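Good morning, and thank you for coming.

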Amino acid sequence: METRKIPDSDITASTEFNVNHAAYLARLELRPQSAKNGDPPIPIAVYPLNGEFGTRDLGPHQNSPGIPYNVQLAPGPFGQPSGSIRFAGTPFSYIEFPNNGGLDTRFSLTILLWVFPENVDGPMINYGTKYSSVHFWIDNGETWARLMERRGGVSGVVLRNSLNHHSWNFIGFSYDYVTGVQRVWNDGKVCDAANVGQFELKTQEVIRMGVKDGDPRFLKGRISCFQVYDKALTEREVQAVRGLCFRKVPSNPVAFFPLNGQYETTDASHSHNPPGEASNVELASGPDGNMGGSHQFWGNLTSFIQFPNFGGLDTRYSMTLLAWIYHEQRKGPILNYFSIGYYGVRFMVSEQGYFFVELRSSENTTLKILEGSVLQHKTWHFVGSSYNYVSGEFTIWLNGSVDNRTIVDTPVELATQESAFMGATSNSQFKGRISCLQLYDRVLSVLEIEDAKQLCSTTVRFTLFYAIGRSNRNQTVYVGEAVELKCDAISNKTVQWSKDGAVLQSKTTGYGTSLLIGSVQYSDEGMYTCEVINKAGAIDASYNVAMRVKDFFEEDAILTSHKADWLLTGHVMASERSVDNSLQCMQHCANSANGHCRSFNYNRVTGECQLNNATGHAQKSADRLKTKIGYSHYYEADRPRNIMVFP
């Protein structure tokens, strides 16, 4: 196949369409689409490869977990203690991702990942275990991407890009079936491109990471956040999913108003405060450029949002308030606790354009006014302030960093008990846009504020949907997971949750409620019912959710199970008690001293986790195994089927 290397700016759509083009277009019509234009792309698979999720796929298809061999958890791209998986650079250190069709993109493709290479060549992504299919390697210290035709041909072009060794790199490659263009990505930018023509991709086999059979090169280094898409992502889309696996929500905001088209003025936190009452405001583009991502205020007395405060917005002691603002040269309140004759804590933009906060006590006296930097007009800024009741530390935050800080000498209770106004008071009116208002009754750390900065982005909404917020249907969850069961209600009706007929909680709300289980255990399995009850006591609506709780290893998983009533004996190197689930037991094995652990046994009744320095197979090694009901024995499936002892 003839190919031509071209600049990215010269790439145009191919005019040659093969006989499968119609099938490709039909596939595009059938695949899941983003809810709105501008939302992040939906992956067919996303493997965080970290201590929290292991090798599970958090994407919508929930492909089978990868099967790891002799790999270890290691620090991740942003310093997370178990934020990646490290490959040892040996023929026995790799991950194999089963492919039952869920990883077969066939036409277009984008693969992205974070890698921390250690000056050793080897495969990062290789479709197939022995023969070459689509692959993405480190070769001579550079990335090396090559496509393979489904019928067996080679694309003819190898695209390369330099890497920073012993540091983290966000890299990937893509292929657009319609244009015939292949690209290589580094840190969200195209660094090489070529028109390789139009053909179907050889992506129907399993994916190996770290090792290819018969090749002496073995990857040494760390990988995190492996993502697969069945489309060629744009530059903006690649940049949008750069932090897909790493954003977390700071815990327990007392109020969270996204102020966007999805939530409008509704509180999206678990506090379910009443929604803000809006006057003469309208939706506008937000910090990420997407329409409907903020509310526009017009700088007059009639343009404001009033947030009722029945105690839910009263932090009283410590507090952190954060918001995105787009200032258009007019002073006014970002948030002002206020009622007639009462002036509370104020978060304002001044006439001169700087952000300032006035702390006031519950006795209606000013404690201190702290000013931040002058804000550039018509530019988005992430601003905020925090106050520590114990230490007296009073801080202004700007774009995730400390902008100004002082100490309030005498600790006092804050004036936060009245309703809060955004956009206008009698003597000042803000002109501009505001998005993502967050309120906490504690002081957030620098890292938490950096995470809060991303909280309203479309990328984070996607991450939360697949990591925690599952749909309200019959569902299976794993031990240790968090799950939120949602039930919407209106008009101040009572929402009552019950499990297997026993009432769990009853709450009156006009804005919906949910049942949150922070760490699912086997005892949580059952049928959950949400009943919406009107004032007359009649049931207006009922929603049922059957929740099944599974051990992480009960199906295709990180290690394969042999038989539930066999226990490996004679090679026990350690035993841990009070282990919550088999995933934690596996992590004890993976992190064992000197890497000697080769299998483990977990008793989910007693919580005992037994670590072994050998693997075994019952049929050929019955003399070394002992029957013990309640245990599950896991071993590495490709090992020789006899006991293997490791010194």
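The side chains of Asn126 and Trp137 are joined by a polar contact of 2.9 Å. Please bear in mind that this is a predicted model.

Where does Asn126 lie? Asn126 belongs to strand β8, which covers residues 122-127. Is Asn126 buried or exposed? Its relative accessible area is 1%, and since buried means under 20%, Asn126 is buried. Setting aside neighbours within four places in sequence, the residues in contact with Asn126 are Tyr131, Val134, His135, Trp137, Val206, Ile207, Arg208 and Lys212.

Arg208 lies over the face of Tyr94, at 4.3 Å from the ring centre. A further arginine, Arg433, lies over the face of Tyr326, and here the figure is 4.0 Å from the ring centre.

Let us turn to rings that pair with rings. How many aromatic pairs does a search of the whole structure find? The search finds 18. One of them is formed by Trp324 and Phe382: the centres are 5.2 Å apart, with 45° between the planes, and the pair is tilted. Trp324 is in strand β22 (residues 319-327) and Phe382 is in strand β27 (residues 380-387), so this pair ties together parts that are 58 residues apart in sequence. Trp324 and Phe382 are both buried.

Finally, I would draw your attention to a cluster: Phe304, Phe338, Tyr343 and Phe421 are linked by ring pairs. Thank you for your attention.

Note on methods. Residues numbered from 1 in each chain as written. Predicted model: local features only at pLDDT ≥ 70, side-chain atom pairs only at ≥ 80, totals over all residues. Heavy atoms only, no water. Phe/Tyr/Trp six-rings, centres within 6.5 Å; stacked < 30°, edge-to-face > 60°. Helix = DSSP H or I, 4+ residues; strand = E, 2+ residues; numbered from the N terminus. Buried < 20%, exposed > 50% of the residue type's maximum accessible area, 1.4 Å probe, protein only. Lys NZ or Arg CZ within 6 Å of the ring centre and 35° of its normal. Polar contact = N/O pair within 3.5 Å; in protein donor to acceptor, adjacent residues only side chain to side chain. Contact = heavy atoms within 4.5 Å.
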